[in-house]
Amino acid sequence: MSKIVIANWKLNPATAKEAKQLAKGSDMADLIVCPPFQFLEDVAGVIKKAKLGAQDLFWEDKGAFTGEISGTQLRDAGVEYVIIGHSERRKNLGETDEMVAKKIFAAFNDGLKPILCVGESQEERDRNKTNEVVERELRAGLSRVLAEKRDIIIAYEPVWAIGTGNPDTPENMLEMVRFIKDLLKRIGSQLTVRIIYGGSIKSDNAERFLQHKEIEGALVGGASLTRGEIQKIVEIAKKYK
Ligand code: PGA
């Protein structure tokens, strides 16, 4: 199966015009583009080969939930994938494991493919809590969908590696992949899982990760906004199908 590259634009760019330009330059197969909600339809109108993803969703489908967006609305805008439980939401918006679990369940209900983000902070790593944190986030996040025979992407993103220019090592990631696969077996998961890495991936370090068959893709933040970077990363991913 080919590797997957996910471009997480976060709160960028500022205008629809820039979003369309960025999308045009990123329109490649095996890429999932995740713009802010505001630009989903603009980007959907531009991309032909890339797939569309959202950066979040709410767990209810309609009702009195000011400021939220539902899976049904995302589907209607052409979205296929949705990032859930990104550390920036956990940290800045108080998103809990329970909320993440509800969102994963809602994504499946609405026919979206979830991208579940997990990973430890610097402090947790310093206290040797990496596996414990990842295990807790996965057990909780997947608790409502373990019996589903459906596709999900798990992105291991150590918080200390996000946006710092300081990625984890491929060796640690390979160990993490083994740990996650073993955990999923232990908890009886029926899900079809692809495990990818995120955190300071750029075109000049992507190959170190993607050359390993166990690392099935990359979640790219900052570098996905730099002209030419995402294309190079997708080309590297293609080499290691
Ligand atoms: P980064 O972000 O590539 O800028 O480190 C990754 C992410 O947060 O998904």
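I began with contacts, defined as heavy atoms within 4.5 Å. In the protein chain, 70% of those between residues at least 6 apart in sequence join residues at least 24 apart.

I noted the basis of the entries: this is a predicted model, in which local features need pLDDT of at least 70 and side-chain atom pairs count only at pLDDT 80 or more, while totals for chains, interfaces and linings use all residues. Residues are numbered from 1 along each chain as its sequence is written, and side-chain values use heavy atoms, with hydrogens and water left out.

I looked up burial next. Of the 241 residues in the protein chain, 53% are buried (under 20% relative accessible area, 1.4 Å probe, protein chains only).

I then turned to the nonpolar cores, meaning sets of buried Ala, Val, Leu, Ile, Met, Phe, Trp, Tyr and Cys residues joined through side-chain atoms within 4.5 Å. The largest holds 67 residues, and Val43, Leu74, Leu138, Leu142 and Met173 have the most contacts inside it. Helix α8 (residues 170–186) gives this core its largest share, 8 residues; helices here are DSSP runs of H or I, at least four residues, numbered from the N terminus. I also recorded a second, separate core of 12 residues, with Ile32, Cys117, Ala155 and Ile196 among them.

I followed Val43 individually. Neighbours within four places in sequence aside, Val43 is in contact with Trp9, Ala19, Ala23, Val33, Pro35 and Leu52.

Last, I checked the extent of the fold. The C-alpha trace of the protein chain spans about 45 × 45 × 35 Å along its principal axes.

Definitions and conventions. Buried < 20%, exposed > 50% of the residue type's maximum accessible area, 1.4 Å probe, protein only. Helix = DSSP H or I, 4+ residues; strand = E, 2+ residues; numbered from the N terminus.
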